[in-house]
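Please look at the structure below before reading them.

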Amino acid sequence: MKRILKDFSVKDFIMITIGIFLVAFGLEYFHIPNNIAAGGVSGLAIIINSFLSMIPVGAIILVLNLILFAVAFVTVGGGFGAKTLYASFGLSVIMWVMETFFTPGVLTDDLFINAAVGTFVIGIGMSMVFNYGASTGGTDILAKILHKYIHMDIGKALLVVDFVIGLTSIATFGITAGLYALLAIVINGTLIDRLILGFNTSKELMIISKKEQEIIKFIIEELDKSCTVLNGYGGYTSEDIQVLYVILSRREYIRLKGFIKEIDPRAFISVNEVHEVLGEGFIDIKL
């Protein structure tokens with residue numbers, strides 16, 4: 001148990017909880033009341049609920065996840081951490097609380113607004129869950145099974161599973177709701193990718209300056225970061241030079257750029273945007 005929980009910090013718990021709350025809110029107040037089955041186990045649960053209306057969608061998601069996790073342990077050996085287990089079953093619990101005590105209903109009759117706002121809220125929630133090393137299980141498990149037995153790429157397998165659910169929703173709820181569900185699947189995947197990239201974006205700098213020692217001191221003492229010093233050779237000047245390599249957050253980059261501008265306006269700075277940085281001072285590589 002200690003090994004399972006060792007990387008599950010209080011911050012992870014809080015952020016994943018907020019994430020699954022947003023997913024539950026988007027489902028309960030926008031997608032479920034309007035029969036928008038936008039892929040995933042939640043979409044499948046919405047379809048099943050249309051035939052078994054006496055069973056809440058949250059309860060159906062819980063049962064489906066239990067079945068999928070059991071199948072996964074038999075077929076692909078599990079490999080799901082505490083964060084994924086918490087996010088998967090926590091989502092069902094939050095949905096049950098909403099359905100039991102708050103009686104979710106239609107907030108607006110506009111199907112487009114329900115599809116768009118619901119997808120946006122769910123996308124933000126899912127991005128938070130993914131960004132903190134968790135998953136809500138569901139079709140991720142089916143994708144792993146397809147990957148193992150028919151060697152399909154996991155990303156493609158996820159898309160196939162979600163589109164099958166989306167096409168099933170057309171047969172169940174009609175062409176309008178079904179097409180909105182298919183559109184929501186595409187937008188949700190794109191939105192999650194962009195939000196995750198946005199969360200993790202950093203600045204990668206290559207700096208050439210005659211004041212390199214002052215810049216190194218500023219990076220270490222003022223920004224509490226380190227940098228790598230590379231030995232170079234100036235093609236134009238034919239002189240040995242030192243190139244500083246450092247990765248900073250956007251806020252830190254602005255501070256460093258202002259400092260360099262003050263002490264060496266003739267410095268050369270190359271800036272690239274990187275979308276994921278693992279290691280000390282950034283995201284723990286163990287996640």
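1. Helices α2 and α6 are roughly antiparallel to each other, because their angle falls in the class over 145 degrees. In that scheme, angles under 35 degrees count as roughly parallel, 65 to 115 as roughly perpendicular and the rest as oblique. Helices here are DSSP runs of H or I with at least four residues, strands are runs of E with at least two, and both are numbered from the N terminus.

2. The model is predicted: local features need pLDDT of at least 70, side-chain atom pairs count only at pLDDT 80 or more, and totals for chains, interfaces and linings use all residues. Residues are numbered from 1 along each chain as its sequence is written, and side-chain values use heavy atoms, with hydrogens and water left out.

3. The axes of α2 and α6 (residues 111-131) cross at roughly 165° and come within 7 Å. Axes are lines fitted to C-alpha atoms, for helices over the stretch in contact, and angles run from 0 to 180 degrees between N-to-C directions. The crossing of α2 past α6 is left-handed, a term for a near helix turned anticlockwise from the far one by less than a right angle (right-handed if clockwise).

4. The contact of α2 with α6 comprises 18 nonpolar, seven polar and no charged residues. Ala, Val, Leu, Ile, Met, Phe, Trp, Tyr, Cys and Pro count as nonpolar, Asp, Glu, Lys and Arg as charged, and the others, Gly among them, as polar.

5. How many aromatic pairs are there? The count is eight aromatic pairs, where rings of Phe, Tyr and Trp (its six-membered ring) pair if their centres lie within 6.5 Å; planes under 30 degrees apart count as stacked, over 60 as edge-to-face and the rest as tilted. The pair of Phe13 and Tyr86 is tilted, because the ring centres are 5.2 Å apart and the planes stand at 40°. This pair links distant parts of the chain, with Phe13 in α2 (residues 10-31) and Tyr86 in α5 (residues 82-102), 73 residues apart.

6. Phe13 is partly exposed, with a relative accessible area of 40%, and Tyr86 is partly exposed at 23%. Buried means under 20% relative accessible area, exposed over 50%, and partly exposed in between (1.4 Å probe, protein chains only).

7. Phe218 and Phe259 form a stacked pair, 4.2 Å centre to centre with 10° between the planes. Both Phe218 and Phe259 are buried.
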